[in-house]
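Here's a quick briefing to read with the structure open beside you. Have a look around first, then work through the points by topic.

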Amino acid sequence: MTENKLLAEVNGKEIYLSDVYELMQGMPDKDRFNNEQGINVLADELVNQELILKDAKEKNYDQDKEFIDELEIVKDNMLKNYAMHKVFESVSISDEELENYYNENKDTLFSPVTYTASHILLDDENKANKIYDEIKNGLDFAKAAEKYSKDPSAMNGGALGSFPKGVMVKEFQEGLDSIEIGEISKPVKTDFGYHLIKLDDKSETQSSFEQSKEQVQSTYEMLKRQEKYLDLVNELSKEAEVKKYY
């Protein structure tokens with residue numbers, strides 16, 4: 001572990017190597033400063049900031065109305081974030097509760113089924129049927145997608161990549177489940193239009209609750225936090241005058 005070296009003192013204020021690294025973390029080009037010369041440059045900057053701070057205090061800038069107003073905004077935002085943290089840390093989840101959530105949702109949220117598929121998206125059902133017939137008569141699916149599909153995936157031959165069960169809208173999912181690997185569906189209607197779906201691959205990996213526990217924990221914890229947050233907001237709304245104009 002690197003020694004937390006004392007780099008400078010400004011009117012008794014000590015500046016350590018850890019202070020430089022903390023400043024570095026917020027910089028988009030931080031790697032450029034992660035060397036002896038860069039550390040010295042940032043240490044100089046921290047020294048300069050301490051000099052500016054001392055001068056600002058001596059000039060009583062902290063008494064300016066503009067500064068006080070800005071400080072109140074910062075304090076309010078910090079307090080909101082702290083209050084949210086207090087709400088979230090009150091969420092407690094038992095292993096039994098977590099496992100029940102997994103068992104109730106494993107076929108959708110934690111589906112072991114993964115699809116690899118392509119599609120052609122069209123506005124008109126008759127046109128979709130015509131292209132379906134063309135493909136059945138020998139037109140390459142990817143070429144048809146490039147030529148006819150209105151979806152951005154057209155430039156990749158209609159490829160959607162791999163995705164778990166439940167990600168796509170209900171009608172699309174049903175279309176996927178109606179065909180075997182290598183097959184192409186007849187036009188499937190969704191809110192987006194008419195899809196010709198090609199199932200390129202399908203795999204199923206059995207994973208236990210213990211193997212999925214980290215993902216389950218993350219998903220369920222987010223859900224419980226949202227519930228806790230909304231419960232509090234709804235309760236507070238009963239005692240407040242809220243007017244919305246949207």
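Predicted model: local features only at pLDDT ≥ 70, side-chain atom pairs only at ≥ 80, totals over all residues.

Helix H8 (residues 209-237) turns up several times below: Tyr220 sits in it, H3 crosses it, and so does H4.

**The annotated span**
- The UniProt record, an unreviewed entry, lists residues 112-201 as "domain: PpiC".

**H5 and H6**
- Helix H5 covers residues 125-136 and helix H6 covers residues 141-148; their axes are 10 Å apart and the packing angle is about 150°.
- Angles over 145 degrees count as roughly antiparallel, so that's the label H5 and H6 get.
- Their crossing is right-handed.
- On the H5 side, the residues that touch are Lys127, Ile131, Glu134 and Ile135, while H6 brings Phe141, Ala144 and Tyr148.
- Sort that contact by class and you get 5 nonpolar residues, 2 charged ones and no polar ones.

**H3 and H8**
- Helix H3 (residues 65-89) crosses H8 at roughly 120°, and the two axes come within 9 Å.
- That angle makes H3 oblique to H8.
- The crossing of H3 and H8 is right-handed.
- Met84, Val87 and Phe88 of H3 meet Arg225, Lys228, Tyr229 and Leu232 of H8.
- This contact of H3 with H8 holds 5 nonpolar, 2 charged and no polar residues.

**H4 and H8**
- The axes of H4 and H8 come within 9 Å too, with a crossing of roughly 95°.
- Since 65 to 115 degrees counts as roughly perpendicular, H4 and H8 are therefore described that way.
- From H4, the contact uses Asp95, Glu97, Leu98, Glu99, Tyr101 and Tyr102; H8 residues in it include Phe209, Val216, Tyr220 and Leu223.
- By class, the contact of H4 with H8 has 7 nonpolar, 5 charged and 3 polar residues.

**A pair of rings**
- How many aromatic pairs does a search of the whole structure find? The count is 3.
- Take Tyr101 and Tyr220: their ring centres are 4.4 Å apart and their planes sit at 35°, so this pair is tilted.
- Tyr101 belongs to helix H4 (residues 95-105) and Tyr220 to H8, so the pair links distant parts of the chain, 119 residues apart.
- Both tyrosines are also among the residues in the contact of H4 with H8.

How values were computed. Residues numbered from 1 in each chain as written. Heavy atoms only, no water. UniProt positions renumbered as here; feature names shortened; annotations may be inferred. Axes fitted to C-alpha atoms, helices over the stretch in contact; angles between N-to-C directions. Helix = DSSP H or I, 4+ residues; strand = E, 2+ residues; numbered from the N terminus. Parallel < 35°, antiparallel > 145°, perpendicular 65-115°, else oblique. Left-handed = near helix turned anticlockwise from the far one by under 90°. Contact = heavy atoms within 4.5 Å. Nonpolar A, V, L, I, M, F, W, Y, C, P; charged D, E, K, R; others polar. Phe/Tyr/Trp six-rings, centres within 6.5 Å; stacked < 30°, edge-to-face > 60°.
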